[in-house]
Structure formats: structure tokens, C-alpha cells
Amino acid sequence: MALSRYQRTRLAKVLNYEDARRLAKRTLPRGVFDYVDGGTEDEVTLRSNAESFQALRFRPRMGVWVPEPQLSTTLFGQSLSFPVLAAPCGGLKLIHPEADIGVARAAASAGTLHVASSASGFALEEIAESSPDRHWFQLYRFMGRPGMENLVNRAKAAGYKAIVVTVDTQVGSKRERNWRNGFSYSMRVNAANAVKLGPQLLPRPFWTARYVRDGMPFQLANTAAMSRDGVPMVLSEMAHKESNSPTWEDVAWVRQNFDGPVLVKGVLTAEDGRKAHQLGCDGVVVSNHGGRQLEGAPASIDVLPEIAAAVGDKMEVLVDGGVRRGGDALKALALGAKAVLIGRLYVWGLAIGGQDGVSHMLESLRAEMTCSMQLMGCPSIHDLDSTWLMRAGSALNP
Ligand SMILES: Cc1cc2nc3c(=O)[nH]c(=O)nc-3n(C[C@H](O)[C@H](O)[C@H](O)COP(=O)(O)O)c2cc1C
């Protein structure tokens, strides 16, 4: 979808996360903006993700000229132009009609990967077709074990390179902004909802017209193949009698039934990292779901060193949560991550410019990483280790 001249000019002025967030706030209805922006309860974990990055400082090596810092890496034999992946984010059709396909294309053209969410608005087969060879699949346990097996078998058939099993979403958490806004994933714009949604939708006529035309109501496209009538389900139809997240027994099943790499997302302790390794998994994503699940969980970057020390020599350790700047990504690599995932950073880009907006945010992160590496005197991301970091106000390494 080509951007208008106005949209292009607007996007060019977006220099960072806060610019993008501000514009997204002006673009989306309040309930949709808060669905992305918010976290659980008091949002302490959400805030601590970013604050813990800010509490780290670089120990640069001066007098070194690095003309072209090396950012490229490989993950399970696949080359990445830089170590930043697009995290799985459900509900993206609420944000922009290009949704998961726009994100997948932007990630592929940046030379990196997108992890397609089980809760996508496009079927996993459509997403795979949009970016051949550059996609991983994130797994939930929709509709119990049979639903999970259905997703794994289809991901295999569609050629997904890796499966990322999210284990931190046993139940929906208490996201109070959603409650206050009366937010529903399957929001319908109609006469019955006019009183409830009118105050949020009237100030956003452009978004509302587009949603009614292209996206309404948001449905879990992947569930069509599991439902009795072949119609995709809306989230409220999903029973909560069983965990929405795979358990370790399910992870073992996935490991036995998928030939490619299997990663466990939502690991916050060395114990769980070891457990994933014992079950034959190939990687972990250190994550608290962007502060959207267990309130009181630690900041991801704070527990990364413990997990990297326990399993970093045996499996790939990735991390997400609070990456807002190129420097944050470098800090994560210095503490033992092979790559980082970004969530809200690209979702804001999607809100303001669809696929082009996602590309803009990815390229801006890459430019910041390059500049920081040059100012640090660090030739390659593979040279990064904890000697490049210190805690703010302390001479000690983290
Ligand atoms: C709007 C939104 C939807 C998300 N949906 C999913 C999902 O379907 N599956 C999943 O494993 N994680 C999901 N996450 C969590 C992200 O994958 C990632 O862990 C988190 O966004 C990282 O934090 P950040 O947003 O601070 O970068 C979602 C996050 C957001 C913001």
C-alpha cells in the first residue's frame, strides 16, 4: 500500500521510539493504542524493561576508527544482516490492514526475520508465502493439544524455519487499561456499539473507515482450520479451561514432531533455560512478554546474564522487552544474547506507515547500532562481552 506524500513526510520526521509512539497515539483509537502500549496491573515490569537498559552504560575504547562495524550474524545457519528480529505480536490487523504480512515483508527486506504470531489476523500459510525463507512461527496452545498440533503440522507444511513456543501466557493477565477502555480484540463498529465506542472512534475517522473496510472484526485467522464450521474464531470464543501456553509436556511433543529449531519464549530463570535444553530445544527467548503477563516478573535484561551463563554455550539465547534504541540491542549482545526481538518499536511503525513504517523503525535501529559501535570503537558485534558495560554510577562490571 503506497504511502501518500503526507504520510511519507510524517514518517521521515520519526527519529525514535517516542516520536513513533506519539504519532501512533494520534492515529489509533484509545483502546487500540493502549492494547499495544499497556502492560499488566501497575506496569512495573513493563517500565523496568526499559529502565534496566538505561541503567547500563558503555565502557568505550577510544582512538579506534571503525569504518564499517560488523552487525551481521547467523541464527541456526541462516544469515541475518543485523541481530534484530520482529517479535510475534497478535492482533496486528487492529493496527493496520497490512498487519503481519507488512511486518514479514519489512523484516525480510531488512535482511532479518519475523516471528509470526499464532494470534495473527492472516493465516500462517499466507504469511509464509509473503516472505519465503524468512519466517519463524510462534506457537500458542489454542483449543488444547489438538489445536496446538494442528498449528505445528501446518507450520511444518508451510516451510517455517523454526518454532518459538511461548510459555508465559497460561491465562490472560489483568491489563487494566483494556478493562477501562472496554477493549475487545473482536471489536465491531455498529449501531449497538455506538455509545460505548463512539467517543474513542469519532476522533479517529480515518482509522475507523479503514477498519470497517479491511479488518472488522479482528479474528484469529489460524483457528479457521480448527473450528467446526471453518470460520475463524474471535478471542472471546477461546475457552480458558486449559492453558493457552504449551506446558513442558507440549514442548517435548513439539521437539519430537518438528525437525527445525525449537525455541522456548518466556524463560526468566536459569532453571527453565536448563529444562529447555534437557528437552532438546535449540534456543530460548528471555522474555516477560513485554511486561504484559506476570506483573512483578524481572526485567528481561536483568536475568539475561544468569540464563546466558547457564545455557549460552549449548543453545542460542535471544532476549526481548524494552529494546528502544540501537544501544539497547548492543547491551543485550554484550550480556550474552545472540540477537534481540523488538515488539512495540515496530508496531508503532506499522500504525503510522504500514510496511514502510516497520522498515523505517528497523533501519533507524540499525543506524543507531552502527553509530554506537563506531563511537565505542567496537569493530564487530561478535567482540561484545560484559567488559563493554558498567552499571550507571558504578565502576564495577554488571
Ligand atoms: C501488541 C502486542 C501483541 C503481542 N502478542 C504476542 C503474541 O501473540 N505472542 C507472543 O509470544 N508474544 C506476544 N507479544 C509479546 C512480544 O512478542 C514481545 O515479547 C514484547 O513485545 C517485547 O517487548 P517490547 O514490546 O518492549 O519490545 C505481544 C506484544 C505486543 C506489544
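Okay, hi everyone. Before anything else, keep in mind that this is a predicted model.

Let's start with a helix pair. Two packed helices are described by the angle between their axes and the distance between the axes. Here the pair is α2, residues 17-27, and α15, residues 344-376, and their axes come within 8 Å and cross at roughly 85 degrees. Anything from 65 to 115 degrees counts as roughly perpendicular, so that is what we call α2 relative to α15. Who makes the contact? On the α2 side you've got Tyr17, Ala20, Arg21, Leu23, Ala24 and Thr27. Across from them, α15 brings in Arg344, Leu345, Trp348, Ala351, Ile352 and Met361. If you sort that contact by class, nine residues are nonpolar, one is polar and two are charged.

Next up, α3, which runs over residues 30-37. How many of its eight residues are buried? Seven are, and the helix is mostly covered. The buried ones are Gly31, Val32, Phe33, Asp34, Tyr35, Val36 and Asp37. What do they pack against?

Hold on to Tyr35, please, as we move to the largest pocket. The space in there is about 1,000 Å³. There are 50 lining residues, and the closest to the pocket centre are Tyr35, Arg175, Tyr185, His289 and Arg292. As for secondary structure, α3, α8, α15 and strand β11 (339-342) each give at least two residues to the lining. The lining splits into 22 nonpolar, 21 polar and seven charged residues.

With a cut-off of 30 Å³ or more, the structure holds one cavity. The largest cavity has about 50 Å³ of space. Around it sit Lys93, Leu94, Ile95, His96 and Pro97, together with Trp207, Arg210, Tyr211, Asp214 and Gly215. By class, that lining has five nonpolar, two polar and three charged residues.

Thr208 is placed in helix α10. Is Thr208 buried or exposed? Its relative accessible area is 13%, and the cut-off for buried is under 20%, so Thr208 is buried. Leaving out residues up to four places away in sequence, Thr208 touches Val189 and Leu201.

Gly77 is in the loop between β2 (73-75) and β3 (78-80). With a relative accessible area of 74%, Gly77 is exposed. Take the C-alpha atoms of Gly77 and Val64: they are 31 Å from each other, for residues 13 apart along the chain.

Last one, Gly312, in the loop between α13 (300-311) and β10 (316-320). Gly312 is partly exposed, with a relative accessible area of 36%. Again skipping residues up to four places away in sequence, Gly312 touches Ile307 and Val317. From the C-alpha atom of Gly312 to that of Arg47 there are 26 Å, and the two residues are 265 apart along the chain.

That's my tour. Thanks, everyone.

Terms used:
Residues numbered from 1 in each chain as written. Predicted model: local features only at pLDDT ≥ 70, side-chain atom pairs only at ≥ 80, totals over all residues. Heavy atoms only, no water. Axes fitted to C-alpha atoms, helices over the stretch in contact; angles between N-to-C directions. Helix = DSSP H or I, 4+ residues; strand = E, 2+ residues; numbered from the N terminus. Parallel < 35°, antiparallel > 145°, perpendicular 65-115°, else oblique. Contact = heavy atoms within 4.5 Å. Nonpolar A, V, L, I, M, F, W, Y, C, P; charged D, E, K, R; others polar. Buried < 20%, exposed > 50% of the residue type's maximum accessible area, 1.4 Å probe, protein only. 1 Å grid on protein atoms, 1.4 Å probe; cavity = no way out; pocket = protein on both sides within 12 Å on 5 of 7 lines; lining within 4 Å. Points joined across faces, edges and corners; volume = space filled by probe spheres on them.
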